[in-house]
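Have a look at the structure first, then work through the points below.

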Amino acid sequence: MSWRPALSRYARLRHCPVRDSTLLVVPERIVVLSTEAAAIVALCDGTRTVPEIATRFPPEGADDVVGFLADLKEHGWLR
């Protein structure tokens, strides 16, 4: 898989000091990310492939990382 995920042009990561959490801000929606999800999305800068991102996490969760990235792409939040 050679896809190098990056946030779409209209998606932004923001820190919410009130919730002390990371938000994925997209048109007409704000998604509060878990710590793990925020760590995955933070690696989506267009320089790493999906397998390279997945290796940053425990091996038993690699399929979950791949599936999560695919879901974000399906929503149009990653390109």
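The buried residues of α3 pack against β2, α1 and α2. Those buried residues are V65, L69 and L72. Looking down the axis of α3, you'd find them within an arc of 60°, so they line one face of the helix. Keep in mind that this is a predicted model.

**Helix α3 (62-75)**

- On the other side of α3 you'll spot D63, D64 and E74, which are exposed.
- The helix has 14 residues, and from its first C-alpha to its last it reaches 20 Å. That's close to the 20 Å expected at 1.5 Å a residue.
- Just after α3 comes G76, which takes a positive phi of about 90°.

**Helix α1 (35-42)**

- Which residues of α1 are buried? They are A37, A38, I40 and V41.
- Seen down the helix axis, the buried residues of α1 fall within an arc of 160°, so they too line one face of their helix.
- T35 and E36 are exposed, and they sit on the face of α1 turned away from its buried side.
- What covers the buried residues of α1 includes the strands β1, β2 and β3, along with the helices α2 and α3.

**The nonpolar core**

- The largest nonpolar core has 22 residues. The ones with the most contacts inside it are L24, L33, I53, V65, L69 and L78.
- Five elements each supply at least two residues of this core: β2, β3, α1, α2 and α3.
- Which element gives the most to this core? That's α1, with 4 residues.
- Let's zoom in on L24: leaving aside its neighbours within four places in sequence, L24 is in contact with L7, A11, R12, L13, R29, I30, V31, L33, L72 and W77.

**R48 and its surroundings**

- You'll find R48 in the loop between α1 and α2 (50-54).
- The side chain of R48 makes a polar contact of 2.9 Å with the side chain of D45.
- A polar atom of the R48 side chain also lies 3.1 Å from the backbone oxygen of L43.
- Not counting residues up to four places away in sequence, R48 touches W3, R4, P5, L43, I53 and R56.

**E52 in helix α2**

- E52 has its place in helix α2.
- Is E52 buried, partly exposed or exposed? Its relative accessibility is 39%, so E52 counts as partly exposed.
- A polar atom of the E52 side chain lies 2.8 Å from the backbone nitrogen of T49.
- If you skip residues up to four places away in sequence, E52 touches R4 and T47.
- How many residues apart in sequence are E52 and R4? They're 48 residues apart, yet in space the distance is 9.2 Å, C-alpha to C-alpha.

**Two loop residues with positive phi**

- D20 lies in the loop between β1 (12-16) and β2 (21-26). Its phi is near 50°, a positive value in a residue other than glycine.
- D20 counts as exposed because its relative accessibility is 60%, and the cut-off for exposed is over 50%.
- E28 has its place in the loop between β2 and β3 (29-33). The phi of E28 is near 60°, again a positive value in a residue other than glycine.
- E28 is exposed too, with a relative accessible area of 88%.

**S8, before the strands**

- S8 lies in the segment before β1.
- Is S8 buried or exposed? With a relative accessible area of 7%, S8 is buried.
- Leaving aside its neighbours within four places in sequence, S8 is in contact with G76, W77, L78 and R79.

**How confident is the prediction?**

- The protein chain averages a pLDDT of 96, and 99% of the residues score at least 70.
- Where is confidence lowest and where is it highest? It's lowest in α2, at a mean of 96, and highest in β2, at 98.

Notes. Residues numbered from 1 in each chain as written. Predicted model: local features only at pLDDT ≥ 70, side-chain atom pairs only at ≥ 80, totals over all residues. Heavy atoms only, no water. Polar contact = N/O pair within 3.5 Å; in protein donor to acceptor, adjacent residues only side chain to side chain. Contact = heavy atoms within 4.5 Å. Buried < 20%, exposed > 50% of the residue type's maximum accessible area, 1.4 Å probe, protein only. Arc of directions from axis to C-beta. pLDDT = per-residue confidence, 0-100. Core = buried A, V, L, I, M, F, W, Y, C linked by side-chain atoms within 4.5 Å. Expected span 1.5 Å × (residues − 1).
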